[in-house]
Amino acid sequence: MDLKIVKFVQSGATPFLDEFFSMFTRFGEEIFFVCMFLILYWCVSYNYAFKFGLYYVASVLFNNIAKMIVKRPRPWMASEDVVNKLPASGLSFPSGHSQGISCISTFIVYDIYHTDTKKSYKIVSLVTAIVLCLIVGYSRLYLGQHYLTDVIAGFAFGIGIILLLKAIEKALPTSFKQSINTEVIVSTISIVLILIITILQFKNFGLSYSAINKLYRYSGLFVSASVGYILSKRLVKDIQLDFYLKLIKMAIGLIVTFGLYALLNLLIVPNFVNFLIVLFVGIIATFVYPYIFNLVVLKIRKE
């Protein structure tokens, strides 16, 4: 039945839909998480962005463990009648894209609903999240990457993990939450990740190329964000930005970050060098750029 549903969805394929779903499926990928992390980091707060990042990584770890346990092949691997419309590796259950977008959406919408935000904003955020999730989920079937049960499970896990972590966070005593030292946590995790990367240089654990590459990227992201966070807390002047300045900061920051990464990524490099590239770009995004932007804003205000 699952396979028949994928075939039925692909029966309505057109060149336009190929492009449309290939584009919108990106909302469930790592690049969308990075965009949201940076936006929260620049425009909300460093601590909130890190909490978002830790929740997301917890969801990713759960997804990878579930994939290794179930070991379900993708639809295009199971049937020649299913067209593989987008390069992808790994296993099928649960859908990582569906889990990723539902995880991000749940985290943000949950917090919007627990603030004094206008009701209209809450409704718009919820509707936008639902539409995005549905498009990403449908795209996974259309592109031949997942079964419907993979997508449903991805949604369930993404929503469930965030709600569980939010419930645990809410149940923790206020005194305990206030005593948590984010700098110590990120420093410790960063040291562990660097040790793992170093060990991988000398020992082969039989991991696939894509798995190792993802490990290097995520390690570079976390270590650079940690370094940037610690430097920013000490050296970046905290200033209040209005809505339009936040939009400008977000737009320029994303262009600089992804433009620089795209430029450096033109190089054909081994995994470790890719880790260094991500590390470099990450520090630019989480420290150098906020530092320069805030200095410029302060200078303009004085004038």
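The legends below describe close-up views of a predicted model.

**View 1. The crossing of helices α1 and α7.** Helix α1, which covers residues 2-10, and helix α7, which covers residues 119-142, have axes that come within 8 Å and cross at roughly 95°. Because angles of 65 to 115 degrees count as roughly perpendicular, α1 is described as roughly perpendicular to α7. On the α1 side the contact is made by Ile 5, Val 6, Val 9 and Gln 10, while α7 contributes Tyr 138, Leu 141 and Tyr 142. Of the residues in this contact of α1 with α7, 6 are nonpolar and 1 is polar, and none is charged.

**View 2. Helix α7, its span and its buried residues.** The 24 residues of α7 should span 34 Å at 1.5 Å a residue, and this agrees with its end C-alpha atoms, which are 34 Å apart. The buried residues of α7 include Lys 122, Ser 125 and Ala 129, and also Arg 140, Leu 141 and Tyr 142 towards the end of the list. Among the elements that cover the buried residues of α7 are α1, α2 (15-24), α6 (96-113) and α8 (148-171). After α7 comes Gly 144, which has a positive phi, near 80°.

View 3. Asp 150 is found in helix α8. Its relative accessible area is 0%, so Asp 150 is buried, the cut-off for this term being under 20%. When its neighbours within four places in sequence are left aside, Asp 150 is in contact with Arg 72, Ser 92, Phe 93, Pro 94 and Ser 95.

Definitions and conventions
Residues numbered from 1 in each chain as written. Predicted model: local features only at pLDDT ≥ 70, side-chain atom pairs only at ≥ 80, totals over all residues. Heavy atoms only, no water. Axes fitted to C-alpha atoms, helices over the stretch in contact; angles between N-to-C directions. Helix = DSSP H or I, 4+ residues; strand = E, 2+ residues; numbered from the N terminus. Parallel < 35°, antiparallel > 145°, perpendicular 65-115°, else oblique. Contact = heavy atoms within 4.5 Å. Nonpolar A, V, L, I, M, F, W, Y, C, P; charged D, E, K, R; others polar. Expected span 1.5 Å × (residues − 1). Buried < 20%, exposed > 50% of the residue type's maximum accessible area, 1.4 Å probe, protein only.
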